[in-house]
Amino acid sequence: MLESLIDSYGDGGVLMMAGALVGLIFGASAQHSRFCLRAASIELSEGGFGPRIAIWFIAFSAGVLLVQVSIIAGFLDVSQARPLAATGSMSGAVIGGLMFGCGMILARGCASRLLVLSATGNLRAIVTGLVLTLVAQASLRGVLSPLREGLASLWLVSGGDGRSLLNQLGVSSVTASVMAAIALGLAFLLAFRSRVRLSHATAAGLVGGAVGLGWLLTYNIAQTSFDVVPISSVTFTGPSTDTLMGLVNSPNLPLGFGVGLVPGVFLGAMAMALLTREARIERFGPDTPMERYLLGAAFMGFGSMLAGGCAVGAGMSGGAIFATTAWVAVFCMWIGAMATHLLMGRLSVQTASVV
């Protein structure tokens, strides 16, 4: 069936369809579950282990479990995936991760959350997401690219075993799967104790499932195609940038996984918001200053390109295949977000006391 689809629509067309399918699942599930790294990091910084952390860890553990079980079963081989095979930057993961974490607190959402919120009628998210995308493009190929390349070159790690956390720790995919299953069970237990609705917890699991499905679909397309097709999964900064620049610069948009993913997520989130009657227009206001959102967008745009991905691209997709730089990046995103939230809270208290 896959061969006939490729013969009919080409590699790009089939990849776009795969991206749209994964995007629809991710968008609808992320909207319904309230999946958000920013919310989870705020909850942890305030000393709590509640529903937001439970949702994030359900999604993360489910993604890891599906990917590692697929590898064990022989359905998936990620050794040639870019986060593992190509040269990586540890300095980029640290600095970019910290910047991204800071930015998502300022902008009240990471790249994926902004896209999901845009579909529900949040005008703040649309404006912030556009600025994030433009800064990301400037960081990748534009005026900010020399700075990004300079910071990334401070500490490089070679591809292959050097970027595989499992190889470095001497841990097999079987052990990783068992640990992910235990973590998933504990996350569901935390969700139950935190009175998370079953539909929300299930949707969080589907968020992780979408990440695993992305790896599986692109791998199978790569195995079937006669051309070289890079395998990948859910990520947002790069695909959003490519989609926007393609629409601006060319009458014909090059087809690929990311081109299907971005509109798929948007449509999936919109459908879920309409179904649950949660769609509504939201604008900037006195309590939501635009300058803070724009600064956060700039931090996330540059930080994601430096770190090798956003909170989902590095944190979920890269984390599921145990790319070392991805785990470092998402850890630094947590640290950057928590530190920024605590600092902003302290500054607000001091301002209030002065007034």
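User: Which residue forms a salt bridge with E282, and how far apart are the closest N and O atoms?

Analyst: This is a predicted model, and the distances discussed here are computed from its atoms. The pair links distant parts of the chain, with E282 in the loop between α13 and α14 and its partner in helix α7 (residues 123–140), 158 residues apart. The partner of E282 is R124, and the closest N and O atoms are 3.2 Å apart.

User: Which residues are linked with R124 in a network of salt bridges?

Analyst: The structure holds four salt bridges, and the contact between E282 and R124 is one of the salt bridges described here. R124 also belongs to a network of salt bridges, in which the residues linked with it are R280 and E282.

User: Which parts of the chain does the salt bridge between R34 and E278 tie together, and how many residues apart are they in sequence?

Analyst: The side chains of R34 and E278 meet in a salt bridge with an N to O distance of 2.6 Å. R34 lies in the loop between α1 (2–33) and α2 (37–45), whereas E278 lies in the loop between α13 (257–275) and α14 (290–307), so the pair ties together parts of the chain that are 244 residues apart in sequence.

User: Are R34 and E278 buried, partly exposed or exposed?

Analyst: The partly exposed class lies between the buried limit of 20% and the exposed limit of 50% relative accessible area. R34 has a relative accessibility of 22%, and E278 has a relative accessibility of 22%. By that cut-off R34 counts as partly exposed, and E278 likewise counts as partly exposed.

User: In the salt bridge between R148 and E149, which residue counts as buried?

Analyst: R148 and E149 form a salt bridge in which the closest N and O atoms are 3.8 Å apart. E149 has a relative accessible area of 46% and is therefore partly exposed. At 14% relative accessibility, the residue that counts as buried is R148.

User: How many residues of α2 are buried, and which are they?

Analyst: Helix α2 is mostly covered, with eight of its nine residues buried. Just after this helix, G47 takes a positive phi of about 80 degrees. The buried residues of α2 are L37, R38, A39, A40, S41, I42, E43 and S45.

User: Which helix gives the largest share of the nonpolar patch on the surface?

Analyst: The patch is formed by I72, V174, V178, I182, L186, L189 and F192, with about 710 Å² of accessible area together. F192 has its place in helix α10 and, at 68% relative accessibility, counts as exposed. An α-helix has 3.6 residues a turn, so residues three or four places apart point the same way. The largest share of the nonpolar patch, six residues, comes from α10.

User: Is A176 buried or exposed?

Analyst: A176 has its place in helix α10, and its C-alpha is 32 Å from that of T340, a residue 164 positions away in sequence. With a relative accessible area of 3%, A176 is buried.

User: How many nonpolar, polar and charged residues are in the lining of the second largest pocket?

Analyst: The second largest pocket has a volume of about 500 Å³ and is lined by 23 residues, of which F57, F60, A183, F322 and W327 lie nearest its centre. At least two lining residues each are supplied by α3 (51–72), α9 (165–169), α10 (173–193) and α16 (324–354). By class, the lining has 22 nonpolar residues, one polar residue and no charged residues.

User: Where do R108 and R195 lie?

Analyst: R108 has a positive phi of about 60 degrees although it is not a glycine, and R195 also has a positive phi of about 60 degrees without being a glycine. At 35% relative accessibility R108 counts as partly exposed, whereas R195 is exposed, with a relative accessible area of 79%. R108 lies in the loop between α5 (90–106) and α6 (111–119), and R195 lies in the loop between α10 and α11 (198–224).

Note on methods: Residues are numbered from 1 along each chain as its sequence is written. This is a predicted model: local features need pLDDT of at least 70, side-chain atom pairs count only at pLDDT 80 or more; totals for chains, interfaces and linings use all residues. Side-chain values use heavy atoms; hydrogens and water are left out. On a 1 Å grid over the protein atoms alone, a cavity is a set of points where a 1.4 Å probe fits but cannot get out, and a pocket is an open set with protein on both sides within 12 Å along at least five of seven lines; lining residues have an atom within 4 Å of a point. Grid points are joined across faces, edges and corners, and a volume is the space filled by probe spheres set on the points. Helices (H or I, at least four residues) and strands (E, at least two) are DSSP runs, numbered from the N terminus. Ala, Val, Leu, Ile, Met, Phe, Trp, Tyr, Cys and Pro count as nonpolar, Asp, Glu, Lys and Arg as charged, and the others, Gly among them, as polar. Buried means under 20% relative accessible area, exposed over 50%, partly exposed in between (1.4 Å probe, protein chains only). Patches are made of residues with over 30% relative accessible area and no salt bridge: like charges are joined within 9 Å, nonpolar side chains (Val, Leu, Ile, Met, Phe, Trp, Tyr) within 5 Å. Accessible areas come from the Shrake-Rupley method with a 1.4 Å probe; for residues, only the protein chains shown count as cover.
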